[in-house]
Amino acid sequence: MATAPVPSPDQPKAVKTNHIGLQVLDYRGGKTTLCAGCGHNVISERIIDAFYEMGVQPERVMKLSGIGCSSKSPAYFMSRSHSFNSVHGRMPSVATGALLANKTMKALGVSGDGDTASIGMGQFVHMIRRNVPIIYIIEDNGVYGLTKGQFSATADMGSKLKTGVINDLPAIDTCALAVQLGATFVGRSFSGDKKQLLAMLKAAIAHNGTVVLDVISPCVTFNDHEGSTKSYAYAKDHDDPVEDVTFVPFFEDIAVDYAPGTAQEVTMHDGSKLLLKKLEEDFDPTDKINALKRLHETARRGEFATGLIYIEPDRDDFITQMNMVDEPLASLPLERTRPGREALDEIMESLR
Ligand SMILES: Cc1ncc(C[n+]2csc(CCOP(=O)(O)OP(=O)(O)O)c2C)c(N)n1
Ligand code: SF4
Ligand SMILES: [Mg+2]
């Protein structure tokens, strides 16, 4: 019987690379300063995996954030990308401007539940309404982690702080809001669900338009106790996946076998495919009313639906709606961006 050749100890180990020849190391960032065990650190790991596996050139990515522990996390992944840590709740307008200046970049926004659902709410809703092409991740722990754990607007009614204070205000469901406002990709996941979160992030990279991805991301320091509905234990027990998500990127020729009628196939803008295996009951993420119904029903049971909640792959994004020139504004020469004397005279004449 033939035996497998034993590699010599002097032989260099083959380094694993993605389809653009980069190693996973090329997608890493600085060492985290967040608390050990914070859900946000796990999300950073999945972002690294997703961008590596999708073979996105890190220099083609702009990372944007607001203020909070979550908003600090872009420092801990993809150091080679561009980064802008903006003002509290104001990341969407910075992202909109940056994308208008250079539409060839992939925008990745990282925010928190406080940054998004309180101070940033006005910016968040208009970003969605415009379908700004950004992957907007809400690292949702139900508290303002950075300012020592006060309830945020996504905290569930009746949930309890460590101090015993009960939240008696209803939660804002950022996914329901996003579906209602016309976001073209809405998903929810849990930092502890490695497989689902990775598939969702890869699909988000392939999407063209606003992606709202709300990720339950427990704050181990202020909101991981009994009585919290955003703790690891609660999230594990109350996660209700709407489907089993498999993502097949356009550059991989993989056939995934499902029995007829058990999976729904969604073709993404770039030709990638999402295969959504039905669980328990039928769920169609291209049906808005169905998506809202499912979100409300699970919330009423004290559970949270995860997976791809809603998708509309074909709506024009904000940059396309603006009818921008092909060449990014950032690289247009001055003579094409500054109107000449004649054009100015013409404008003045038209105003007489
Ligand atoms: C204009 C302004 N108001 C208030 C604050 C104080 N502040 C800092 S972070 C934060 C909330 C952060 O919560 P969240 O977005 O949920 O992030 P987390 O720390 O939980 O990840 C607040 C209110 C601030 N920095 N700037
Ligand atoms: S305070 Fe909470 S949210 Fe902030 S780093 Fe620590 S565990 Fe994470
Ligand atoms: Mg928070």
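**Exercise 1. Identify the element that gives the most to the lining of the second largest pocket, then describe that pocket.**

Step 1. The leading contributor is α9, with 4 residues in the lining. The structure is a predicted model.

Step 2. The volume of the second largest pocket is about 370 Å³. Its lining has 21 residues, and those nearest the centre are Asp156, Asp173, Ala299, Glu303 and Phe304.

Step 3. Two or more lining residues come from each of α6 (174-181), α9 (288-300) and β13 (304-311).

Step 4. Sorted by class, the lining of the second largest pocket holds 9 nonpolar, 6 polar and 6 charged residues.

**Exercise 2. Describe the largest pocket by volume, lining and contributing elements.**

Step 1. The space in the largest pocket amounts to about 530 Å³. It is lined by 30 residues, with Met105, Lys106, Ile205, His207 and Asn208 closest to the centre.

Step 2. The most come from α7, which supplies 3.

Step 3. The lining of the largest pocket consists of 16 nonpolar, 9 polar and 5 charged residues.

**Exercise 3. Determine which residues and elements surround ligand 1.**

Step 1. The shell around ligand 1 has 17 residues, and the closest are Ser70, Asp113, Gly114, Asp115 and Gly145.

Step 2. At least two shell residues are supplied by each of α2 (69-72), α4 (113-119) and β5 (143-144). The largest share, 4 residues, belongs to α4.

Step 3. By class, 6 shell residues are nonpolar, 9 are polar and 2 are charged.

**Exercise 4. Find polar atoms of serine 70, aspartate 113 and glycine 114 that lie close to ligand 1, and state how much of the ligand the protein covers.**

Step 1. Take the side chains. Serine 70 places a polar side-chain atom 2.7 Å from an oxygen atom of ligand 1. For aspartate 113, a polar side-chain atom is 2.8 Å from an oxygen atom of the ligand.

Step 2. Turn to the backbone. A polar backbone atom of glycine 114 lies 2.8 Å from an oxygen atom of ligand 1.

Step 3. Consider the cover. On its own, ligand 1 has 590 Å² of accessible area, of which the protein covers 73%.

Definitions and conventions
Residues numbered from 1 in each chain as written. Chains lettered and ligands numbered in written order. Predicted model: local features only at pLDDT ≥ 70, side-chain atom pairs only at ≥ 80, totals over all residues. Heavy atoms only, no water. Near = heavy atom within 4 Å. Polar contact = N/O pair within 3.5 Å; in protein donor to acceptor, adjacent residues only side chain to side chain. Areas by Shrake-Rupley, 256 points an atom, 1.4 Å probe, with all protein chains shown as cover. Nonpolar A, V, L, I, M, F, W, Y, C, P; charged D, E, K, R; others polar. 1 Å grid on protein atoms, 1.4 Å probe; cavity = no way out; pocket = protein on both sides within 12 Å on 5 of 7 lines; lining within 4 Å. Points joined across faces, edges and corners; volume = space filled by probe spheres on them.
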